[in-house]
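Student: Please take one part of this structure and look at it closely. I would like to follow the side chains and see what they do there.

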Amino acid sequence: MKNIPIDNVRNFALMGHTGSGKTSLVDSILFKLGQVDRVGSPENGTSVADWTDEEKAHKISIWAKPFDGVYTAASRKIRRLVMIDTPGFADFIGQMVAAAEITDAALITVDASSGIQVGTQRAWKACEKRNLPRGIAITCLDKDDTDFDDTLLEIKQQWGEDRCVAMVLPTGDGKAIDILNTPNDQVPDALKERVKAIKDHLIELAAETDDKLMEKYFEGEELTADEFSEGLRKSVHEAHLIPVFATSVKTDMGVKETMDSISRLFPSPHDYPVSCAEGNQISAEEDQPFSGQVWRCYNDAFIGQLTFVRIYSGVLKPGMEIYNPTKNQKEKVSSILYVDGKKTTEAQEAKAGDIVALTKLKHTYLNDSLCSPGSEIQFEPIVFPSPVAAYAVEPKNKADADKIGQALHRATDEDPSTKLVHDNETHELVLWGMGDMHLDVTLEHIKNRSNVEMTHRTPKVAYMETITGSGEGHYKHKKQSGGRGQYGECYIRIRPKDPTEEEWFVNKLVGGSIPGNFVPACEKGFVEGLANGPLVGSQVINVLVELYDGSYHDVDSSEVAFKIAGARAVHEAIEKSNPVLLEPIMNVKVIVPEQFMGDISGLLNTKRGRILGMGPEDGLQAITADVPQAELFKFCSELRSITSGQGSFEMEFSRHEQVPAHLASKIIAEAKAAKEE
């Protein structure tokens, strides 16, 4: 079944807003490919694509999943369709990003009852990044008050009147026609003029792909069928033409016609070659060295670790030795699997365009490259969005304490849009994700798979401390308890450290008041003292320490004694230097539809945010602001609530700033009360 020439492979991702019909369309396509006996449905839990416990519980797609099958098009040509169903919910955008980076084309779904939504915009932006060939499926045309032409008009206004062209049209009687495959005498009378106008425009687009064809077109000569077909495909491959398809899964309208158009217009791996990290183009030919990229990892309860690879060149067979240039490690291919939902099928070989799962790889993980030994082919890693929401997690019971680390690390290895951090300041284990839903699903998945239950809460803020004045500190550590005693004495000065100063510690001792071999011990004491500030016990930063005097004892002095003296001297000096509390400030970029600008600006102001700028971006509005991290832990859910899920944001650490006095006093009081408990 899989032995189909590379030129006949069509590799694409289904992308779009959550609920826009991607998964339903996949289920319908799989039925027509003969992969399933009946059309599944995400709503009633029978979808082949949304088969995991978490997806059934939440009734949304959560993970990107590959499917494929062999299709005989209306032209009687046999094609192989390799597709990835991606989530549309904003919290799982990382899965869509991965699929967009390793496929040759995209099919973006637009719900006719909702039009272009923020998830549609995200999908479009991901395609634009690679100038990815794409088509648009207008879905759910069976719903009341939906109109294909109204949605098509919105698409044209958004992305180009001449660029977005209807290729599958509804006929008005519950059917659809593929204008490229439907003979003129079978086109309904009401659509004949429209179809002719579309075909004339398509001829022009085809001619524009080649100077000779353009000259022929201007001279009034007709393009041959082959010239028209090749020109049209080239126009799609260069993303100059975006075909638009009318579909309704529930009434089985337009699905087969859309599959025919994809078979005819979308690129093969030969048509859309990729480049390696060094910029060299990789040929998809079978006689080239094998190369591929890991775009997803998943630990199956029965099979074990599955490493999903998009193959770009050569042929991969079980038993082969391959090389991971990312890790500089060799691997042995145990078995190659085609994965279609729950179903896995062993393959005897895989080649360019294939998306397969490899088992039992020991050193290979997500974003690694794989190639034939000696070829050193490495691909640029997929760049995933940075997480914006966080839970502080801990085991629900003592029995899970030993298993929590492994379970969390396994989950974050599989999903790069999550991140696990052990915060040294707050001593919390913090799980970061793209939103509350993302974090909740991650914890559910861990419980279902590893039987590890966790509780979670809002993380603490990693405050810092610094000084605004200068001061001196002195401490003599002297202890005698029989036998050898302990003795060490330090005199220090501290002041705020200028950003231009490289060193934070200056040795200004003269006359050997402290022997040189004890100075490193003093420095260790200063480090220890600065790690535990007097206000909330946080690290003290941006401080310059001068050691200018001290004393020692020939017998009783030791490194331990001078370390203790240094730490105590620093504490005394800090308390005399007007210590203040610092909080992390995040640079935030919020993307929202224009109608929510006022509400979001107001929300940022209530969070002590300083708005830095506003402006249009990809058809939406972008607001940039500096906001204290303490105010952002609930911002993700608040933003989604205000914008009905249409808003998104990203953030990165900017700097530390002094906490306002009225808030600092409250934070300090709470820290002292917690310490006394």
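Tutor: Cys-522 is buried, because its relative accessible area is 0%. This is a predicted model, and every value here is computed from it. The closest cysteine sulfur to that of Cys-522 belongs to Cys-490, and at 3.6 Å it is too far for a bond, since a disulfide needs the two sulfur atoms within 2.5 Å. The structure as a whole holds 0 disulfides. Cys-140 is likewise in no disulfide, and its nearest cysteine sulfur, in Cys-164, is 19 Å away. Cys-140 also counts as buried, because its relative accessibility is 16% and the cut-off for buried is under 20%.

Next come the charged side chains. Arg-493 has its charged end over the ring of Tyr-548, 3.8 Å from the ring centre. Arg-493 also belongs to a network of salt bridges with Glu-472, Lys-508 and Glu-546. Aromatic rings gather as well: Trp-504, Phe-505 and Phe-526 are linked by ring pairs into a cluster.

The count of salt bridges comes to 40. One of them joins Lys-327 to Asp-368, with the closest N and O atoms 2.9 Å apart. Lys-327 is in the loop between β14 and β15, while Asp-368 is in the loop between β19 and β20, 41 residues apart. Asp-368 counts as buried at 3% relative accessibility, whereas Lys-327 counts as partly exposed at 36%.

Another salt bridge is formed by Glu-394 and Arg-457, whose closest N and O atoms are 3.4 Å apart. This pair links strand β21, which holds Glu-394, with strand β24, which holds Arg-457, and the two residues are 63 apart. Glu-394 is partly exposed, with a relative accessible area of 36%, and Arg-457 is partly exposed at 36%.

Lys-396 and Glu-453 also meet in a salt bridge, at 3.6 Å from N to O. Lys-396 lies in the loop between β21 and α10 and Glu-453 in the loop between α11 and β24, so this pair ties together parts 57 residues apart in sequence. Lys-396 is exposed, with a relative accessible area of 53%, but Glu-453 counts as partly exposed at 28%.

The aromatic pairs come to 11. In one of them, the rings of Phe-12 and Phe-266 have centres 5.8 Å apart and planes at 80 degrees, so the pair is edge-to-face. Phe-12 is in strand β1 and Phe-266 in the loop between α9 and β9, 254 residues apart. Phe-12 and Phe-266 are both buried. Helix α9 is mostly covered, with 8 of its 11 residues buried, including Met-259 and Leu-265.

Definitions and conventions:
Residues numbered from 1 in each chain as written. Predicted model: local features only at pLDDT ≥ 70, side-chain atom pairs only at ≥ 80, totals over all residues. Heavy atoms only, no water. Phe/Tyr/Trp six-rings, centres within 6.5 Å; stacked < 30°, edge-to-face > 60°. Helix = DSSP H or I, 4+ residues; strand = E, 2+ residues; numbered from the N terminus. Buried < 20%, exposed > 50% of the residue type's maximum accessible area, 1.4 Å probe, protein only. Lys NZ or Arg CZ within 6 Å of the ring centre and 35° of its normal. Salt bridge = Lys/Arg side-chain N within 4 Å of Asp/Glu carboxyl O.
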